[in-house]
Amino acid sequence: MTVLTKEARRLKRRRRVRAKVVGTATRPRLAVFRSNRGVFAQLIDDEAGHTIAAAQWTEPEVRGLGRMEQARRVGELIAERAKAAGVERAVFDRGGYRYHGRVKAVADGAREAGLAI
């Protein structure tokens, strides 16, 4: 019997979700990565293999905030950049994480800024 680490279990969930969730040019994939220090979000067109927009916690306007507020602000930034790129809708890729806490805050921030997820 193989014992999987917490990270290995997350990657297994991530691969399972990625088999079903595909981003296109009109509806890209909003991928979220959560580290211990902050969150990162990207809008990805999987057909072309390009990142349309990205936002991360290391940006100056986000860096000084608390963790949950950072995540919400990253969601708002990614939605603003998506609208600038002409994207109105996206499909949410939680990256194998539970839809809870900072991952949920990114999605909520993006929705509040007008991105349809």
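**Close-up views of strands, rings and pockets**

**View 1. The hairpin of strand 2 and strand 3.** Strand 2 and strand 3 form a hairpin with four residues between them, and glycine 49 in the turn has a positive phi of about 75 degrees. The model is predicted: local features need pLDDT of at least 70, side-chain atom pairs count only at pLDDT 80 or more, and totals for chains, interfaces and linings use all residues. Residues are numbered from 1 along each chain as its sequence is written, and side-chain values use heavy atoms, with hydrogens and water left out. Helices (H or I, at least four residues) and strands (E, at least two) are DSSP runs, numbered from the N terminus. Strand 2 covers residues 39–45 and is joined to strand 3, residues 50–56, by six bridges in an antiparallel arrangement. Two strands count as a pair if DSSP finds at least two bridges between them. Leucine 43 has alanine 53 of strand 3 as its bridge partner.

**View 2. Strand 1 and its two partners.** Strand 1 (29–34) is linked to strand 2 by a hairpin through four residues. These two strands run antiparallel and share six bridges, with alanine 31 standing opposite glutamine 42 of strand 2. Strand 4 (91–93) runs parallel to strand 1, and three bridges join the two. Here leucine 30 stands opposite phenylalanine 92 of strand 4. In a regular strand the side chains alternate between the two faces of the sheet.

View 3. Leucine 30 is found in strand 1 and counts as buried, at 0% relative accessibility. Buried means under 20% relative accessible area, exposed over 50%, and partly exposed in between (1.4 Å probe, protein chains only). Contact means heavy atoms within 4.5 Å. The C-alpha atoms of leucine 30 and arginine 94 are 8.1 Å apart, although 64 residues separate the two along the chain.

**View 4. Valine 39 and its surroundings.** Valine 39 belongs to strand 2 and counts as buried, with 1% relative accessibility. Not counting residues up to four places away in sequence, valine 39 touches Phe33, Arg34, Gln56, Trp57, Ala71, Val74, Arg102 and Val106.

**View 5. Helix 4 and its cover.** Helix 4 spans residues 102–112, and its buried residues include Arg102, Val103, Ala105, Val106, Ala107, Gly109 and Ala110. The cover over the buried residues of helix 4 includes strand 1, strand 2, helix 3 (67–84) and strand 4. Glycine 114 follows helix 4 and has a positive phi, near 105 degrees.

**View 6. Aromatic pairs.** Rings of Phe, Tyr and Trp (its six-membered ring) pair if their centres lie within 6.5 Å; planes under 30 degrees apart count as stacked, over 60 as edge-to-face and the rest as tilted. By this rule there are two aromatic pairs. Phenylalanine 33 and phenylalanine 40 have ring centres 5.9 Å apart and planes at 40 degrees, so this pair is tilted. Phenylalanine 33 is partly exposed at 39% relative accessibility, and phenylalanine 40 is partly exposed at 27%. The rings of phenylalanine 92 and tyrosine 99 have centres 5.9 Å apart and planes at 85 degrees, so this pair is edge-to-face. Phenylalanine 92 is buried, with a relative accessible area of 17%, while tyrosine 99 is partly exposed at 36%.

**View 7. The largest pocket.** The largest pocket has a volume of about 300 Å³. On a 1 Å grid over the protein atoms alone, a pocket is an open set of points where a 1.4 Å probe fits, with protein on both sides within 12 Å along at least five of seven lines; lining residues have an atom within 4 Å of a point. Grid points are joined across faces, edges and corners, and a volume is the space filled by probe spheres set on the points. Helix 1 (residues 6–18) gives the largest share of the lining, five residues. Among the lining residues are Lys6, Glu7, Arg34, Tyr97, His100 and Arg102. By class, the lining has eight charged, three polar and one nonpolar residues. Ala, Val, Leu, Ile, Met, Phe, Trp, Tyr, Cys and Pro count as nonpolar, Asp, Glu, Lys and Arg as charged, and the others, Gly among them, as polar.
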